[in-house]
Amino acid sequence: MPLEGKGLGWRYGSGDWLFQSLNITVLPGEVVGLFGPSGSGKSTLGRLLAGYMPPMQGEVLVGGKRRSGHEHDAVQLIHQHPQLAVNPGWRMKRVLCEGWRPDDSTLAAMGVIPGWSDRFPGELSGGQLQRCCIVRALGPDTRYLIADEITAMLDAVSAVQIWHGLLRIAEERRIGLLVISHDQALLERICDRIVAEFH
Ligand SMILES: Nc1ncnc2c1ncn2[C@@H]1O[C@H](COP(=O)(O)OP(=O)(O)OP(=O)(O)O)[C@@H](O)[C@H]1O
């Protein structure tokens, strides 16, 4: 069941179109990089594919079926800043279990340790919190993950650990990844192919 954007178009308000007639496909288990100039609309495209907002033109299909605007199950989006993606007043055990009850192997693969359970998000580093956000998004219904600059703010060691764990899980579960990044070297290293321009 592919994730497909067909003929997608978006603009904010009455501004110029960020993109029109844009086609993109991610297959199960495929790692696709999305590279483009700053402000070209990569994050916007990610939000459309994840169902955060309905496209102004075109459609998003999962397994050939058109999705409505508010389904977040099969396609999950991970943001650059995990601090903005969690409730700061919840302890991590509650954050982690927001969508599903993570199994031990997923927690271990992403390096999430039990000692963090009673902490609040503000008591974890950015990299630790990002790992938790990734685990939270890897519920049993997840087929595609949109990773929007998910390691851009992390040190190289944390970034390598996160990609190592995530790519392993994605391969095992045949989850398709759309990796949005400014880091061309990273994309070349981890992606099966790179979509470098909007068309
Ligand atoms: N909510 C919004 N209202 C108005 N304009 C917006 C909104 N969100 C984004 N934009 C504008 O739309 C354009 C595309 O933004 P977007 O974040 O999708 O680009 P991007 O390619 O991901 O950029 P970057 O690589 O810098 O993160 C930018 O010019 C941005 O200022």
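Which elements make a right-handed β-α-β unit? Strand S7, helix H5 (residues 156-173) and strand S8 do so; a crossover is called right-handed if, with the strands pointing away from the viewer, the path from the first strand over the helix to the second runs clockwise. Helices (H or I, at least four residues) and strands (E, at least two) are DSSP runs, numbered from the N terminus. The model is a predicted one, in which local features need pLDDT of at least 70 and side-chain atom pairs count only at pLDDT 80 or more, whereas totals for chains, interfaces and linings use all residues. Residue numbers start from 1 along each chain as its sequence is written.

Strand S8 (residues 176-180) is largely enclosed by the rest of the structure, because 5 of its 5 residues are buried. Here a residue is buried if 20 or more other C-beta atoms, placed from the backbone, lie within 10 Å of its own, exposed if 12 or fewer, and partly exposed in between. Both faces of S8 are covered, with Gly 176, Leu 178 and Ile 180 on one side and Leu 177 and Val 179 on the other.

Strand S3 (residues 31-34) runs parallel to S8 over 4 bridges, and Leu 34 has Ile 180 as its bridge partner. Strand S7 (residues 144-148) is likewise parallel to S8, joined to it by 5 bridges, with Leu 145 standing opposite Leu 177.

In soluble globular proteins, nonpolar side chains tend to be buried together. The largest nonpolar core here has 51 residues, of which Ile 146 and Leu 178 touch the most other members. Helix H4 (residues 126-137) gives the most to this core, with 6 residues. Such a core is a set of buried Ala, Val, Leu, Ile, Met, Phe, Trp, Tyr and Cys residues joined through C-beta atoms within 7 Å. Beyond its neighbours within four places in sequence, Leu 178 is in contact (C-beta atoms, placed from the backbone, within 7 Å) with Val 26, Val 32, Leu 34, Gly 46, Leu 49, Ile 146 and Ala 147.

Tyr 52 is partly exposed because 15 other C-beta atoms lie within 10 Å. Leaving aside neighbours within four places in sequence, Tyr 52 is in contact with Arg 47 and Leu 77.

Conventions: Contact = placed C-beta atoms within 7 Å. Pairing = 2+ DSSP bridges.
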